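Hi,

Here is the structure I promised to pass on. Have a look first, and my notes follow below.

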Amino acid sequence: MNIRVRLTLLFALLVASIMLVFSFSVYYLYNQYREQEFKKRLRDKALTTVRLFEDVGGITEELLHDISRNDLTTMYKEEITVYDAHNHVVYDSGEEPYHINANFLNQVRQGKDVSLRDGDKEIVGVRYIDQKKQVLVVVAYAIDKYGISILERLRTILITGWAVSLLMVVLAGWLFSSDALRPVSDIIEQVKNISARNIHERLKIGRQNDELAQLAATFNDLLSRLEDAFSSQKSFVSHASHELRTPLAIMMGQLEVSLLQKRTIEEYQETIKETIDEVKKMRDLVNGLLELARLNDEVSQNHFSELRVDDLLWQTRDILIHHCPDYDIQIEFEEFPEEEALLQIKGDSALLQTAFLNLMENGCKYSPDHHVSLTLRAQEDHIRISFSDRGVGISEADLPHIFEPFYRANSTQYVKGYGVGLALTRRIIELHNGRIWVFSQIGLGSQFVVTIPF
């Protein structure tokens with residue numbers, strides 16, 4: 001069952017239920033009103049009859065006929081019966097008195113408002129005290145033929161009106177749901193035509209202020225993110241292929257040249273060393289690409305543990321200096337915190353070490369004196385680490401792109417690299433809910449600032 005049919009049925013069911021309750025209420029309330037009015041007429045007729053009975057000392061058929069014709073409205077199959085204190089019939093307007101239960105008469109005699117129904121016949125009892133202080137019971141019964149006919153007519157009108165209205169509601173609900181869901185159909189048709197080849201297309205919707213417009217806008221945002229992801233992936237594959245092709249071409253060229261003629265052992269050893277250097281470059285590039293791809297698949301934070309940032313920085317410094325003894329790395333505190341908790345964060349030590357290692361290595365690698373200074377400061381809700389060097393600097397045109405994979409600033413082209421390290425570093429910092437940004441000027445050096453929440 002599609003949404004259009006479901007909405008139509010639900011709408012019809014809701015309206016039909018409301019109309020049914022309304023119709024039943026009208027019918028019930030009118031029936032109550034009819035009964036009350038008819039019983040009031042019966043009581044009035046009973047009292048008028050018993051008063052005449054008392055005044056004239058008895059009522060003849062001719063007298064009752066004249067009174068009914070001139071003064072009172074005669075009801076269908078109307079009968080009036082008067083009972084004395086001993087429940088004996090002292091007067092009856094019909095040919096044969098209607099037999100009333102003694103309990104009914106006793107309740108009326110006690111002053112209770114009693115009435116009952118026998119089929120279509122409605123019966124009312126009235127207590128009356130005559131001039132001799134005798135308690136009489138007057139029972140009036142008749143059939144409200146006119147009121148019942150109106151009630152039946154009303155029932156027919158309500159049932160017919162309910163059925164016709166239900167058909168109209170179903171039709172209106174179908175048209176309403178069709179109009180309400182037309183933008184959904186338009187969205188579906190537009191989405192069907194969007195693929196990887198035309199992912200730049202965006203959804204268009206006429207109504208601009210409803211929930212469907214918000215859905216279309218959200219979907220357009222999703223398409224924008226997917227387009228960026230596709231573009232990034234395409235660029236990633238293109239750059240990766242280019243970076244891998246270069247060392248492969250160098251190795252193949254060196255090996256082919258070495259096979260053109262016989263060479264000395266020393267020459268073969270030199271060729272092998274150069275080939276090994278290119279293989280190491282490829283290994284470093286592949287490792288960086290794999291690490292970046294793994295981080296793009298969202299590393300779970302469930303495995304994060306408590307870490308001391310200062311210890312992690314010192315460990316990273318020792319690792320880098322062990323491989324590059326000529327690097328000079330200084331770590332300072334702007335203000336050493338009194339509580340050790342202000343140096344602790346939750347994170348992955350291996351990933352953070354990779355990020356810090358990239359920032360330290362870049363600072364040393366692009367500085368003529370291979371020097372980088374780290375400043376550590378604990379602030380209100382995060383810890384702040386700055387990596388400052390006195391290197392070649394980065395131009396303003398390059399600054400917005402340096403965290404993109406495979407992007408290398410023009411001022412750093414003279415140093416070997418692949419443009420993967422900073423992209424990997426930013427992804428690691430973001431996974432720890434942190435931020436990274438850079439300040440730099442050509443010829444004056446750069447400062448990378450990292451903040452990580454406690």
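In which sense do β7 and strand β9 pair, and over how many bridges? The two run parallel, with 7 bridges between β7 and β9 (residues 371-378). One of the bridge pairs joins Ile329 to Val372 in β9. For the terms: strands count as paired if DSSP finds at least two bridges between them, while helices (H or I, at least four residues) and strands (E, at least two) are DSSP runs numbered from the N terminus.

Before going on, a word on the source: this is a predicted model, where local features need pLDDT of at least 70 and side-chain atom pairs count only at pLDDT 80 or more, while totals for chains, interfaces and linings use all residues. Residues are numbered from 1 along each chain as its sequence is written, and side-chain values use heavy atoms, with hydrogens and water left out.

**The sheet**

The pair belongs to an open, mixed sheet of 5 strands in the order β7-β9-β10-β12-β11. β7 (328-335) and β11 (435-441) are the edge strands with a single partner each, so one side of each has no neighbour in the sheet.

Helix α7 (residues 309-323) lies across β7, β9 and β10 (382-389), at about 165 degrees to β7. Helix α8 (residues 349-365) also packs on the sheet, touching β7, β9, β10, β11 and β12 (445-453), and its direction makes about 135 degrees with that of β9. Contact here means heavy atoms within 4.5 Å; axes are lines fitted to C-alpha atoms, for helices over the stretch in contact, and angles run from 0 to 180 degrees between N-to-C directions.

**The core**

The largest nonpolar core has 36 residues, and those touching the most other members are Leu313, Leu352, Phe356, Leu374, Phe387, Phe448 and Ile452. Such a core is a set of buried Ala, Val, Leu, Ile, Met, Phe, Trp, Tyr and Cys residues joined through side-chain atoms within 4.5 Å, with buried meaning under 20% relative accessible area (1.4 Å probe, protein chains only). α8 gives the largest share of this core, 7 residues. Apart from it lies another core of 16 residues, including Ala46, Ile80, Val124 and Leu136.

**Helix α3**

In α3 (residues 102-109), Phe104, Leu105, Val108 and Arg109 are buried. They fall within an arc of 135 degrees seen down the axis, so they line one face of the helix; the arc is that of the directions from the helix axis to the C-beta atoms. Their cover includes β1 (76-83), β3 (115-118), β4 (121-129) and β5 (135-143).

Cheers

Conventions:
Buried < 20%, exposed > 50% of the residue type's maximum accessible area, 1.4 Å probe, protein only.
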